[in-house]
Amino acid sequence: MEILEIILGHPVLSSAVLILTSLWLYTYFSCGVCKSNAKMDGKTVIITGCNSGIGKAAAFDLARRGARIIMACRNMEKANLVRDSIIEATKNTNVVVRLLDISLLSSVRKFAEEINRTERRLDVLIHNAGISTPGRNVTKEGIHLVWATNHYGSFLLTHLLIDLLKKTGNSRIIFVSSLLHKFGWVDPKHPNPVDEVDQARLYHTTKFANVIFARELARRLEGSGVTSNSLHP
């Protein structure tokens, strides 16, 4: 009791305890580690935007499990370097790079056409690509860059690859969303807010769109052999 009184009575010590407790709680509730040893030999996985960050980590992990990894990236030079590092680290040579600018629907269609033509199966589709940028940024197709990247590109890609996912069976669609979706909303009267400049609002709203799309997709795909989920990384 005396020690507790000393800590609480000392501003520096009490602040340190508060910070350490907060870090422990954050780690405990949001920094889980996957302990599964499941293998994915013979399975094909597409990951968008995986030359850095979460997507890159996922590509490394799934390659170690034996999956065929299709890295769907815009920056081919950077993606090829990451591919080489994955192959070197995992000894899995079945890792390929395909060009995809998820912010352009024309690029999405071209990518999906190639996948449907060349791939016999698709077990997992991971929508990881995403951005958060301020200002009025509009693609050459007239869609707000954040909306095009974070939602519309993955929305279209899902529909273009859904038949291959169904054909494969027991397949997965995964959307990397964010807990910040709780602060977002979608205005059905303005599905393409090209004049929106608030960075936080754009990000929150597009991540909210990810969640509601994943949920509705799961409902419509029930019984098809394809599941749809969104997650907070």
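Is Cys50 buried or exposed at 0% relative accessibility? Cys50 counts as buried, a word used here for under 20% relative accessible area, with exposed meaning over 50% and partly exposed in between (1.4 Å probe, protein chains only).

## About the model

This is a predicted model, in which local features need pLDDT of at least 70 and side-chain atom pairs count only at pLDDT 80 or more, while totals for chains, interfaces and linings use all residues. Residues are numbered from 1 along each chain as its sequence is written, and side-chain values use heavy atoms, with hydrogens and water left out.

## Overall make-up

The protein holds seven helices and six strands. Both kinds of element are DSSP runs numbered from the N terminus: helices are H or I with at least four residues, and strands are E with at least two. Read from the N terminus, the order of elements is α-α-β-α-β-α-β-α-β-α-β-α-β.

Of the 233 residues in the protein, 40% are buried. Contact here means heavy atoms within 4.5 Å. Among contacts with a separation of 6 or more, 74% come from residues 24 or more positions apart.

## The sheet

In what order do the six strands of the open sheet stand? The order is 3-2-1-4-5-6, and the pairing is parallel; two strands pair if DSSP finds at least two bridges between them.

Two of the pairings can be followed to single residues. Strand 1 and strand 2 are joined in the parallel sense over five bridges, with Arg68 in strand 2 as the bridge partner of Thr44. Strand 4 (residues 124-127) and strand 5 (residues 171-176) are joined in the parallel sense over four bridges, and Val124 has Arg172 as its bridge partner in strand 5.

## Strand 1 and Thr44

Strand 1 is mostly covered, with five of its five residues buried. Thr44, Ile46 and Thr48 point one way from the strand, whereas Val45 and Ile47 point the other way.

Thr44 sits in strand 1 and is buried, with a relative accessible area of 4%. Leaving aside neighbours within four places in sequence, Thr44 is in contact with Arg68, Ile70, Glu119, Arg121, Leu122, Asp123 and Val124.

## Helices on the sheet and on each other

Helix 4 (residues 76-90) lies across strand 2 (68-73) and strand 3, running at about 170° to strand 3. Helix 6 (residues 145-168) lies across strand 1 (44-48), strand 4, strand 5 and strand 6, at about 165° to strand 5. Axes are lines fitted to C-alpha atoms, for helices over the stretch in contact, and angles run from 0 to 180 degrees between N-to-C directions.

The axes of helix 3 (residues 53-64) and helix 4 come within 10 Å and cross at roughly 35°. Helix 3 contributes Lys56, Ala59, Phe60, Ala63 and Arg64 to the contact, and helix 4 contributes Val82, Ser85, Ile86, Ala89 and Thr90. These residues divide into six nonpolar, two polar and two charged, where Ala, Val, Leu, Ile, Met, Phe, Trp, Tyr, Cys and Pro count as nonpolar, Asp, Glu, Lys and Arg as charged, and the others, Gly among them, as polar.

## Cysteines

How many disulfides does the count come to? The count is zero, a disulfide being a pair of cysteine sulfur atoms within 2.5 Å. The sulfur of Cys50 has its closest cysteine sulfur in Cys73, 3.8 Å away, which is too far for a bond. Cys73 is buried too, with a relative accessible area of 2%.

Val97, in strand 3, is buried with a relative accessible area of 9%. The C-alpha atoms of Val97 and Ala72 are 6.2 Å apart, although 25 residues separate them along the chain. Beyond neighbours within four places in sequence, Val97 is in contact with Met71, Met76, Ala79, Asn80 and Arg83.

Asn128 lies in the loop between strand 4 and helix 6 and is buried, at a relative accessible area of 12%. Leaving aside neighbours within four places in sequence, Asn128 is in contact with Ile47, Thr48, Gly49, Cys50, Ile54, Gly55 and Val176.
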